[in-house]
Amino acid sequence: MHEAAPQPAWALLAYLVAGICFILALRGLSKPDSSRRGNYTGMIGMAIAIATTLALHRFASIAEIAGAMLIGGGIGLVTARKIHMTAMPQLVAAFHSLVGMAAVLVGAAAYLNPEAFGIAVRVTPIASPSFVSIFPQSRIEMGLGVAIGAITFSGSVIAFLKLNGNMSGKPILLPLRHVINLGVLAAILGLIAYFTQDQAQWVFFTIAGLSFAIGFLLIVPIGGADMPVVISMLNSYSGWAAAAMGFTLHNSAMIITGALVGSSGAILSYIMCRAMNRSFISVIAGGFGAVASAGEAAAIDRPYKLGSADDAAFLMKQAEQVIIVPGYGMAVAQAQHSVKEMADKLKANGVRIKYAIHPVAGRMPGHMNVLLAEANVPYDEVFELDDINNEFAQTDVAYVIGANDVTNPAARTDKSSPIYGMPVLDVEKARTVLFVKRSMGGVGYAGIDNDLFYRDNTMMLLGDAKKMTDEIVKALG
(Lines give C-alpha, C1' and ligand atoms only; values in the text may rest on other atoms or scores of the structure.)
Protein backbone atom coordinates (compact mmCIF):
# COMPACT_ATOMS: atom_id res chain seq x y z
CA MET A 1 0.00 0.00 0.00
CA HIS A 2 1.25 3.48 -0.90
CA GLU A 3 0.18 6.16 1.56
CA ALA A 4 0.68 9.80 0.69
CA ALA A 5 3.96 10.81 2.28
CA PRO A 6 3.46 13.36 5.06
CA GLN A 7 4.70 16.80 4.15
CA PRO A 8 7.70 18.07 6.13
CA ALA A 9 7.14 20.77 8.73
CA TRP A 10 8.92 23.43 6.69
CA ALA A 11 6.59 22.78 3.73
CA LEU A 12 3.49 23.07 5.88
CA LEU A 13 4.82 26.33 7.30
CA ALA A 14 5.56 27.65 3.80
CA TYR A 15 2.06 26.76 2.64
CA LEU A 16 0.65 28.48 5.72
CA VAL A 17 2.61 31.65 4.88
CA ALA A 18 1.34 31.43 1.28
CA GLY A 19 -2.23 31.08 2.56
CA ILE A 20 -1.82 34.16 4.78
CA CYS A 21 -0.53 36.07 1.74
CA PHE A 22 -3.63 35.05 -0.22
CA ILE A 23 -5.92 36.22 2.59
CA LEU A 24 -4.10 39.56 2.76
CA ALA A 25 -4.31 39.80 -1.03
CA LEU A 26 -8.10 39.45 -0.92
CA ARG A 27 -8.24 42.09 1.79
CA GLY A 28 -6.11 44.44 -0.30
CA LEU A 29 -8.21 43.88 -3.41
CA SER A 30 -11.36 44.93 -1.54
CA LYS A 31 -10.42 48.62 -1.90
CA PRO A 32 -9.07 50.50 -4.94
CA ASP A 33 -6.34 52.31 -3.00
CA SER A 34 -4.91 49.04 -1.66
CA SER A 35 -5.49 46.86 -4.71
CA ARG A 36 -1.94 47.20 -6.03
CA ARG A 37 -0.54 46.06 -2.68
CA GLY A 38 -3.04 43.21 -2.68
CA ASN A 39 -1.86 42.06 -6.10
CA TYR A 40 1.78 42.09 -5.01
CA THR A 41 0.94 40.15 -1.85
CA GLY A 42 -0.92 37.53 -3.88
CA MET A 43 2.03 37.22 -6.26
CA ILE A 44 4.40 36.65 -3.34
CA GLY A 45 2.09 33.99 -1.90
CA MET A 46 1.85 32.21 -5.26
CA ALA A 47 5.64 32.29 -5.67
CA ILE A 48 6.06 30.69 -2.24
CA ALA A 49 3.45 28.01 -3.03
CA ILE A 50 5.00 27.16 -6.40
CA ALA A 51 8.55 27.05 -5.04
CA THR A 52 7.47 24.80 -2.16
CA THR A 53 5.63 22.41 -4.47
CA LEU A 54 8.61 22.17 -6.82
CA ALA A 55 10.93 21.47 -3.89
CA LEU A 56 8.67 18.66 -2.62
CA HIS A 57 8.13 16.85 -5.95
CA ARG A 58 10.69 15.76 -8.54
CA PHE A 59 8.27 15.08 -11.37
CA ALA A 60 10.08 17.06 -14.07
CA SER A 61 13.44 18.63 -14.76
CA ILE A 62 14.15 22.26 -13.97
CA ALA A 63 14.54 22.93 -17.70
CA GLU A 64 11.06 21.52 -18.45
CA ILE A 65 9.49 23.51 -15.63
CA ALA A 66 11.27 26.72 -16.63
CA GLY A 67 10.27 26.23 -20.27
CA ALA A 68 6.61 25.74 -19.36
CA MET A 69 6.66 28.83 -17.12
CA LEU A 70 8.30 30.92 -19.84
CA ILE A 71 5.72 29.86 -22.42
CA GLY A 72 2.77 30.46 -20.11
CA GLY A 73 4.21 33.68 -18.70
CA GLY A 74 5.00 34.96 -22.19
CA ILE A 75 1.46 34.33 -23.39
CA GLY A 76 0.08 36.04 -20.27
CA LEU A 77 2.38 39.04 -20.67
CA VAL A 78 1.52 39.58 -24.34
CA THR A 79 -2.20 39.15 -23.64
CA ALA A 80 -2.16 41.58 -20.71
CA ARG A 81 -0.34 44.24 -22.72
CA LYS A 82 -2.60 43.97 -25.76
CA ILE A 83 -6.01 43.48 -24.18
CA HIS A 84 -8.34 46.49 -24.15
CA MET A 85 -9.99 47.37 -20.85
CA THR A 86 -13.40 46.87 -22.49
CA ALA A 87 -12.44 43.24 -23.10
CA MET A 88 -11.44 42.60 -19.48
CA PRO A 89 -14.63 40.60 -18.71
CA GLN A 90 -13.89 38.31 -21.66
CA LEU A 91 -10.31 37.89 -20.46
CA VAL A 92 -11.47 36.96 -16.96
CA ALA A 93 -13.90 34.40 -18.43
CA ALA A 94 -11.06 32.95 -20.51
CA PHE A 95 -8.85 32.68 -17.42
CA HIS A 96 -11.61 30.86 -15.56
CA SER A 97 -11.88 28.37 -18.42
CA LEU A 98 -8.16 27.62 -18.13
CA VAL A 99 -8.46 27.01 -14.38
CA GLY A 100 -11.36 24.64 -14.99
CA MET A 101 -9.50 22.72 -17.70
CA ALA A 102 -6.42 22.53 -15.48
CA ALA A 103 -8.52 20.83 -12.79
CA VAL A 104 -9.84 18.34 -15.34
CA LEU A 105 -6.36 17.55 -16.68
CA VAL A 106 -4.85 17.19 -13.20
CA GLY A 107 -7.72 14.90 -12.23
CA ALA A 108 -7.20 12.81 -15.37
CA ALA A 109 -3.46 12.55 -14.66
CA ALA A 110 -4.12 11.44 -11.09
CA TYR A 111 -6.68 8.91 -12.32
CA LEU A 112 -4.38 7.42 -14.96
CA ASN A 113 -1.32 7.30 -12.68
CA PRO A 114 -2.51 7.43 -9.07
CA GLU A 115 0.69 5.96 -7.65
CA ALA A 116 2.61 9.03 -8.77
CA PHE A 117 0.36 11.11 -6.53
CA GLY A 118 0.39 8.75 -3.55
CA ILE A 119 -3.33 8.02 -3.65
CA ALA A 120 -3.36 4.34 -4.59
CA VAL A 121 -2.85 0.81 -3.33
CA ARG A 122 -1.49 -1.88 -5.64
CA VAL A 123 -3.37 -5.17 -5.57
CA THR A 124 -2.18 -8.35 -7.35
CA PRO A 125 -5.11 -10.71 -7.88
CA ILE A 126 -4.32 -14.37 -8.59
CA ALA A 127 -5.99 -14.48 -11.99
CA SER A 128 -5.11 -11.05 -13.38
CA PRO A 129 -2.19 -8.64 -13.75
CA SER A 130 -1.42 -6.17 -11.04
CA PHE A 131 -4.18 -3.59 -10.57
CA VAL A 132 -3.84 -0.11 -9.05
CA SER A 133 -6.80 0.93 -6.91
CA ILE A 134 -7.39 4.58 -5.99
CA PHE A 135 -8.35 5.25 -2.38
CA PRO A 136 -12.19 5.55 -2.16
CA GLN A 137 -12.03 8.96 -0.44
CA SER A 138 -9.70 10.23 -3.15
CA ARG A 139 -12.19 9.11 -5.80
CA ILE A 140 -14.88 11.37 -4.30
CA GLU A 141 -12.56 14.37 -4.34
CA MET A 142 -11.31 13.51 -7.81
CA GLY A 143 -14.83 13.12 -9.21
CA LEU A 144 -16.01 16.40 -7.68
CA GLY A 145 -12.89 18.27 -8.84
CA VAL A 146 -13.19 17.00 -12.41
CA ALA A 147 -16.94 17.70 -12.52
CA ILE A 148 -16.65 21.26 -11.18
CA GLY A 149 -13.62 21.93 -13.38
CA ALA A 150 -15.43 20.75 -16.51
CA ILE A 151 -18.50 22.85 -15.66
CA THR A 152 -16.24 25.85 -15.13
CA PHE A 153 -14.48 25.32 -18.46
CA SER A 154 -17.52 24.97 -20.72
CA GLY A 155 -19.51 27.59 -18.81
CA SER A 156 -16.64 30.07 -19.08
CA VAL A 157 -16.31 29.44 -22.80
CA ILE A 158 -19.99 30.29 -23.30
CA ALA A 159 -19.63 33.38 -21.09
CA PHE A 160 -16.63 34.47 -23.20
CA LEU A 161 -18.56 34.01 -26.45
CA LYS A 162 -21.53 36.00 -25.13
CA LEU A 163 -19.38 38.82 -23.76
CA ASN A 164 -17.22 38.96 -26.89
CA GLY A 165 -20.21 39.20 -29.23
CA ASN A 166 -19.54 35.83 -30.91
CA MET A 167 -22.81 34.61 -29.47
CA SER A 168 -26.08 36.40 -28.79
CA GLY A 169 -26.27 37.99 -25.35
CA LYS A 170 -29.98 37.13 -25.20
CA PRO A 171 -31.06 34.06 -23.23
CA ILE A 172 -31.16 30.92 -25.37
CA LEU A 173 -33.97 28.92 -23.82
CA LEU A 174 -34.00 25.22 -24.62
CA PRO A 175 -37.23 23.20 -24.28
CA LEU A 176 -37.44 21.35 -20.94
CA ARG A 177 -34.09 22.87 -19.98
CA HIS A 178 -34.67 22.55 -16.24
CA VAL A 179 -35.69 18.91 -16.53
CA ILE A 180 -32.61 18.23 -18.66
CA ASN A 181 -30.32 20.13 -16.27
CA LEU A 182 -31.65 18.36 -13.19
CA GLY A 183 -31.37 15.00 -14.93
CA VAL A 184 -27.76 15.60 -15.99
CA LEU A 185 -26.77 16.90 -12.54
CA ALA A 186 -28.40 13.88 -10.88
CA ALA A 187 -26.53 11.58 -13.27
CA ILE A 188 -23.21 13.28 -12.46
CA LEU A 189 -23.75 12.97 -8.70
CA GLY A 190 -24.86 9.36 -9.08
CA LEU A 191 -21.80 8.50 -11.14
CA ILE A 192 -19.48 10.17 -8.61
CA ALA A 193 -21.05 8.00 -5.89
CA TYR A 194 -20.65 4.91 -8.10
CA PHE A 195 -17.06 5.90 -8.84
CA THR A 196 -16.21 5.22 -5.19
CA GLN A 197 -17.06 1.55 -5.82
CA ASP A 198 -15.91 1.12 -9.41
CA GLN A 199 -13.07 3.16 -10.93
CA ALA A 200 -13.73 1.95 -14.48
CA GLN A 201 -12.67 4.35 -17.21
CA TRP A 202 -16.18 4.72 -18.60
CA VAL A 203 -17.34 6.08 -15.22
CA PHE A 204 -14.56 8.66 -14.97
CA PHE A 205 -14.85 9.93 -18.52
CA THR A 206 -18.67 9.94 -18.46
CA ILE A 207 -18.52 12.19 -15.39
CA ALA A 208 -16.20 14.54 -17.29
CA GLY A 209 -18.32 14.47 -20.47
CA LEU A 210 -21.62 15.14 -18.70
CA SER A 211 -20.00 17.94 -16.69
CA PHE A 212 -18.75 19.65 -19.85
CA ALA A 213 -22.32 19.41 -21.19
CA ILE A 214 -24.02 20.81 -18.07
CA GLY A 215 -21.66 23.80 -18.02
CA PHE A 216 -22.88 24.65 -21.50
CA LEU A 217 -26.53 24.04 -20.61
CA LEU A 218 -26.37 26.18 -17.45
CA ILE A 219 -24.87 29.30 -19.03
CA VAL A 220 -26.62 29.36 -22.43
CA PRO A 221 -30.03 30.38 -20.93
CA ILE A 222 -28.49 33.28 -18.94
CA GLY A 223 -28.87 36.68 -20.60
CA GLY A 224 -26.31 39.43 -20.91
CA ALA A 225 -27.80 41.40 -18.01
CA ASP A 226 -26.72 38.64 -15.63
CA MET A 227 -23.20 38.24 -17.03
CA PRO A 228 -21.55 40.11 -14.10
CA VAL A 229 -23.01 37.50 -11.75
CA VAL A 230 -21.99 34.68 -14.08
CA ILE A 231 -18.37 35.88 -14.14
CA SER A 232 -18.29 35.98 -10.34
CA MET A 233 -20.04 32.63 -10.07
CA LEU A 234 -17.59 30.92 -12.45
CA ASN A 235 -14.76 32.40 -10.42
CA SER A 236 -16.23 30.65 -7.40
CA TYR A 237 -16.54 27.37 -9.30
CA SER A 238 -12.89 27.52 -10.33
CA GLY A 239 -11.93 27.90 -6.67
CA TRP A 240 -13.94 24.89 -5.54
CA ALA A 241 -12.46 22.81 -8.38
CA ALA A 242 -8.95 23.74 -7.19
CA ALA A 243 -9.86 22.93 -3.58
CA ALA A 244 -11.21 19.50 -4.56
CA MET A 245 -8.01 18.76 -6.50
CA GLY A 246 -6.04 19.92 -3.47
CA PHE A 247 -7.70 17.23 -1.36
CA THR A 248 -7.00 14.66 -4.06
CA LEU A 249 -3.32 15.60 -4.27
CA HIS A 250 -2.94 16.22 -0.51
CA ASN A 251 -1.77 19.76 -1.23
CA SER A 252 -2.75 22.18 1.54
CA ALA A 253 -1.88 25.26 -0.54
CA MET A 254 -4.41 24.27 -3.21
CA ILE A 255 -7.04 23.59 -0.55
CA ILE A 256 -6.51 26.99 1.11
CA THR A 257 -6.36 28.92 -2.16
CA GLY A 258 -9.33 27.14 -3.68
CA ALA A 259 -11.45 27.62 -0.56
CA LEU A 260 -10.62 31.34 -0.47
CA VAL A 261 -11.44 31.85 -4.15
CA GLY A 262 -14.56 29.69 -3.98
CA SER A 263 -16.03 31.28 -0.87
CA SER A 264 -15.19 34.87 -1.84
CA GLY A 265 -16.63 34.33 -5.32
CA ALA A 266 -19.83 32.87 -3.88
CA ILE A 267 -20.23 35.76 -1.45
CA LEU A 268 -19.63 38.31 -4.21
CA SER A 269 -22.15 36.54 -6.47
CA TYR A 270 -24.76 36.72 -3.72
CA ILE A 271 -24.07 40.41 -3.10
CA MET A 272 -24.34 41.15 -6.82
CA CYS A 273 -27.59 39.24 -7.12
CA ARG A 274 -29.04 41.41 -4.36
CA ALA A 275 -27.75 44.51 -6.15
CA MET A 276 -29.50 43.40 -9.34
CA ASN A 277 -32.67 42.13 -7.64
CA ARG A 278 -31.92 38.66 -8.93
CA SER A 279 -32.42 35.35 -7.15
CA PHE A 280 -29.05 33.73 -6.50
CA ILE A 281 -30.53 30.24 -6.86
CA SER A 282 -32.26 31.22 -10.11
CA VAL A 283 -29.07 32.51 -11.68
CA ILE A 284 -26.89 29.53 -10.75
CA ALA A 285 -29.69 27.20 -11.90
CA GLY A 286 -29.26 28.56 -15.40
CA GLY A 287 -31.64 31.42 -16.10
CA PHE A 288 -34.54 29.94 -14.14
CA GLY A 289 -37.61 32.05 -14.72
CA ALA A 290 -36.25 33.78 -17.81
CA VAL A 291 -38.71 34.45 -20.58
CA ALA A 292 -38.13 34.28 -24.29
CA SER A 293 -38.90 37.95 -24.83
CA ALA A 294 -36.19 39.13 -22.44
CA GLY A 295 -33.92 41.71 -23.97
CA GLU A 296 -36.17 42.30 -27.01
CA ALA A 297 -37.95 45.46 -25.93
CA ALA A 298 -37.52 48.61 -27.98
CA ALA A 299 -37.14 52.19 -26.86
CA ILE A 300 -40.38 54.15 -26.61
CA ASP A 301 -40.93 57.12 -28.92
CA ARG A 302 -41.49 59.95 -26.42
CA PRO A 303 -40.43 63.61 -26.37
CA TYR A 304 -37.08 64.40 -24.78
CA LYS A 305 -34.69 67.32 -24.45
CA LEU A 306 -31.70 67.23 -26.76
CA GLY A 307 -28.61 69.16 -25.74
CA SER A 308 -25.13 69.86 -27.07
CA ALA A 309 -21.60 69.84 -25.71
CA ASP A 310 -21.76 73.62 -25.31
CA ASP A 311 -24.95 73.31 -23.25
CA ALA A 312 -23.36 70.68 -21.03
CA ALA A 313 -20.17 72.74 -20.55
CA PHE A 314 -22.18 75.82 -19.56
CA LEU A 315 -24.28 73.92 -17.00
CA MET A 316 -21.29 72.21 -15.42
CA LYS A 317 -19.28 75.43 -15.23
CA GLN A 318 -22.05 76.97 -13.13
CA ALA A 319 -22.32 73.94 -10.81
CA GLU A 320 -20.94 73.60 -7.31
CA GLN A 321 -20.91 69.80 -7.49
CA VAL A 322 -20.97 67.37 -10.43
CA ILE A 323 -21.39 63.64 -9.93
CA ILE A 324 -20.12 61.52 -12.81
CA VAL A 325 -21.86 58.15 -13.27
CA PRO A 326 -19.84 55.83 -15.54
CA GLY A 327 -21.29 52.77 -17.23
CA TYR A 328 -20.56 50.28 -19.98
CA GLY A 329 -20.97 53.01 -22.61
CA MET A 330 -17.86 54.71 -21.23
CA ALA A 331 -15.96 51.42 -21.43
CA VAL A 332 -16.99 50.75 -25.04
CA ALA A 333 -15.97 54.25 -26.14
CA GLN A 334 -12.75 54.16 -24.08
CA ALA A 335 -13.77 57.53 -22.71
CA GLN A 336 -12.29 57.27 -19.21
CA HIS A 337 -9.29 59.49 -20.01
CA SER A 338 -11.55 62.11 -21.57
CA VAL A 339 -13.78 62.00 -18.49
CA LYS A 340 -10.74 62.53 -16.27
CA GLU A 341 -9.64 65.49 -18.39
CA MET A 342 -13.14 67.00 -18.18
CA ALA A 343 -13.16 66.52 -14.40
CA ASP A 344 -9.76 68.22 -14.07
CA LYS A 345 -10.99 71.24 -16.03
CA LEU A 346 -14.08 71.51 -13.86
CA LYS A 347 -12.04 71.23 -10.65
CA ALA A 348 -9.81 74.03 -11.94
CA ASN A 349 -12.99 76.14 -12.12
CA GLY A 350 -13.85 75.34 -8.50
CA VAL A 351 -16.39 72.58 -9.20
CA ARG A 352 -16.45 69.67 -6.75
CA ILE A 353 -16.27 66.32 -8.59
CA LYS A 354 -17.38 62.89 -7.40
CA TYR A 355 -17.85 59.55 -9.18
CA ALA A 356 -20.78 57.24 -8.40
CA ILE A 357 -20.24 53.52 -9.04
CA HIS A 358 -23.07 50.99 -9.09
CA PRO A 359 -22.06 47.47 -7.95
CA VAL A 360 -22.96 45.95 -11.33
CA ALA A 361 -22.06 48.80 -13.68
CA GLY A 362 -20.22 47.31 -16.67
CA ARG A 363 -19.81 43.62 -17.36
CA MET A 364 -17.92 42.38 -14.32
CA PRO A 365 -17.38 43.30 -10.66
CA GLY A 366 -15.16 46.37 -10.36
CA HIS A 367 -15.19 47.07 -14.11
CA MET A 368 -15.71 50.82 -13.69
CA ASN A 369 -13.22 51.05 -10.83
CA VAL A 370 -10.53 49.52 -13.04
CA LEU A 371 -11.25 51.93 -15.88
CA LEU A 372 -11.15 54.97 -13.60
CA ALA A 373 -7.94 53.74 -11.98
CA GLU A 374 -6.42 53.39 -15.44
CA ALA A 375 -7.19 57.08 -16.02
CA ASN A 376 -5.60 57.98 -12.64
CA VAL A 377 -8.84 59.17 -11.08
CA PRO A 378 -8.17 59.81 -7.35
CA TYR A 379 -9.56 57.01 -5.20
CA ASP A 380 -11.09 59.45 -2.72
CA GLU A 381 -13.37 60.82 -5.46
CA VAL A 382 -14.91 57.40 -6.22
CA PHE A 383 -17.95 56.32 -4.16
CA GLU A 384 -20.15 53.23 -4.09
CA LEU A 385 -23.94 53.44 -4.38
CA ASP A 386 -24.71 53.37 -0.65
CA ASP A 387 -22.17 56.08 0.11
CA ILE A 388 -23.28 58.62 -2.48
CA ASN A 389 -26.95 58.04 -3.25
CA ASN A 390 -28.15 60.61 -0.72
CA GLU A 391 -25.97 63.31 -2.33
CA PHE A 392 -27.77 63.46 -5.67
CA ALA A 393 -30.54 65.61 -4.17
CA GLN A 394 -27.91 68.27 -3.31
CA THR A 395 -26.06 67.95 -6.64
CA ASP A 396 -26.30 70.47 -9.47
CA VAL A 397 -25.37 68.16 -12.35
CA ALA A 398 -25.25 64.38 -12.74
CA TYR A 399 -23.20 63.41 -15.79
CA VAL A 400 -24.28 59.89 -16.78
CA ILE A 401 -22.06 58.30 -19.40
CA GLY A 402 -23.52 55.07 -20.70
CA ALA A 403 -25.06 53.76 -17.45
CA ASN A 404 -28.58 52.75 -18.41
CA ASP A 405 -30.22 50.09 -16.24
CA VAL A 406 -28.45 51.16 -13.03
CA THR A 407 -30.02 54.65 -13.24
CA ASN A 408 -33.55 53.60 -14.25
CA PRO A 409 -36.21 54.94 -11.83
CA ALA A 410 -38.52 52.10 -12.88
CA ALA A 411 -36.62 49.92 -10.44
CA ARG A 412 -38.45 51.80 -7.66
CA THR A 413 -41.75 52.72 -9.29
CA ASP A 414 -42.80 50.04 -11.79
CA LYS A 415 -43.69 46.69 -10.24
CA SER A 416 -44.01 45.14 -13.71
CA SER A 417 -40.43 46.05 -14.62
CA PRO A 418 -37.88 43.20 -14.71
CA ILE A 419 -35.54 45.36 -12.62
CA TYR A 420 -38.13 46.31 -9.98
CA GLY A 421 -36.56 46.20 -6.53
CA MET A 422 -33.02 46.56 -7.85
CA PRO A 423 -31.10 49.32 -6.01
CA VAL A 424 -30.28 52.08 -8.50
CA LEU A 425 -28.42 55.39 -8.40
CA ASP A 426 -30.81 58.27 -7.64
CA VAL A 427 -29.53 60.45 -10.48
CA GLU A 428 -32.99 61.80 -11.28
CA LYS A 429 -32.87 63.76 -8.00
CA ALA A 430 -30.05 65.97 -9.30
CA ARG A 431 -30.98 69.46 -10.47
CA THR A 432 -29.89 68.59 -14.00
CA VAL A 433 -29.10 65.19 -15.53
CA LEU A 434 -26.82 65.09 -18.57
CA PHE A 435 -27.18 61.65 -20.14
CA VAL A 436 -24.64 60.62 -22.77
CA LYS A 437 -26.00 57.91 -25.06
CA ARG A 438 -25.15 56.84 -28.59
CA SER A 439 -28.78 57.04 -29.76
CA MET A 440 -32.33 56.87 -28.45
CA GLY A 441 -32.95 53.62 -30.30
CA GLY A 442 -31.06 51.28 -28.00
CA VAL A 443 -31.90 49.87 -24.60
CA GLY A 444 -29.78 48.51 -21.77
CA TYR A 445 -28.96 44.87 -21.10
CA ALA A 446 -32.21 44.47 -19.18
CA GLY A 447 -34.00 45.20 -22.47
CA ILE A 448 -36.21 48.06 -21.21
CA ASP A 449 -36.44 51.76 -21.87
CA ASN A 450 -35.28 54.24 -19.24
CA ASP A 451 -37.87 56.71 -17.97
CA LEU A 452 -35.02 58.99 -16.91
CA PHE A 453 -34.47 60.03 -20.56
CA TYR A 454 -37.82 61.80 -20.64
CA ARG A 455 -37.73 63.66 -17.32
CA ASP A 456 -37.97 67.47 -17.35
CA ASN A 457 -34.56 67.81 -15.70
CA THR A 458 -32.78 65.47 -18.15
CA MET A 459 -30.84 66.63 -21.22
CA MET A 460 -29.80 63.95 -23.68
CA LEU A 461 -26.35 64.22 -25.26
CA LEU A 462 -26.49 61.83 -28.19
CA GLY A 463 -23.31 60.52 -29.77
CA ASP A 464 -20.15 58.57 -29.07
CA ALA A 465 -19.25 58.96 -25.38
CA LYS A 466 -15.59 59.82 -25.98
CA LYS A 467 -16.31 62.25 -28.80
CA MET A 468 -19.05 64.00 -26.79
CA THR A 469 -16.84 64.28 -23.69
CA ASP A 470 -13.94 65.60 -25.79
CA GLU A 471 -16.25 68.27 -27.23
CA ILE A 472 -17.30 69.24 -23.69
CA VAL A 473 -13.62 69.55 -22.73
CA LYS A 474 -13.05 71.92 -25.66
CA ALA A 475 -16.12 73.95 -24.72
CA LEU A 476 -14.84 74.28 -21.15
CA GLY A 477 -11.80 76.11 -22.58
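I began with Glu391, which forms a salt bridge with Lys354, the closest N and O atoms being 2.8 Å apart. I noted that this pair links distant parts of the chain, since Glu391 sits in the loop between α15 (385-388) and β6 (397-401), while Lys354 belongs to strand β4 (residues 352-357), 37 residues apart. Lys354 counts as buried because its relative accessibility is 15%, under the 20% cut-off. I keep in mind that the model is a predicted one.

I then asked myself how many salt bridges the rule gives. The count comes to 11.

Next I looked up Lys429, whose salt bridge with Asp426 has its closest N and O atoms 3.7 Å apart. Here I recorded Lys429 as partly exposed because it has 46% relative accessibility, whereas Asp426, at 11%, counts as buried.

In helix α17 (residues 465-476) I found Asp470 and Lys466 four residues apart, about one turn of the helix, and their side chains meet in a salt bridge of 3.1 Å, N to O. I listed Asp470 as partly exposed at 23% relative accessibility, and Lys466 likewise as partly exposed, at 32%.

I also noted a network of salt bridges that links Lys340, Asp344, Lys347 and Glu381.

Last, I turned to the surface, where Leu13, Leu16, Val17, Ile20 and Leu24 form a nonpolar patch with about 430 Å² of accessible area together. Of these I followed up Ile20, which lies in helix α1 (residues 9-29) and counts as partly exposed because its relative accessibility is 42%.

Methods
Residues numbered from 1 in each chain as written. Predicted model: local features only at pLDDT ≥ 70, side-chain atom pairs only at ≥ 80, totals over all residues. Heavy atoms only, no water. Patch = residues over 30% accessible without salt bridge, like charges linked within 9 Å, V, L, I, M, F, W, Y side chains within 5 Å. Areas by Shrake-Rupley, 256 points an atom, 1.4 Å probe, with all protein chains shown as cover. Salt bridge = Lys/Arg side-chain N within 4 Å of Asp/Glu carboxyl O. Helix = DSSP H or I, 4+ residues; strand = E, 2+ residues; numbered from the N terminus. Buried < 20%, exposed > 50% of the residue type's maximum accessible area, 1.4 Å probe, protein only.
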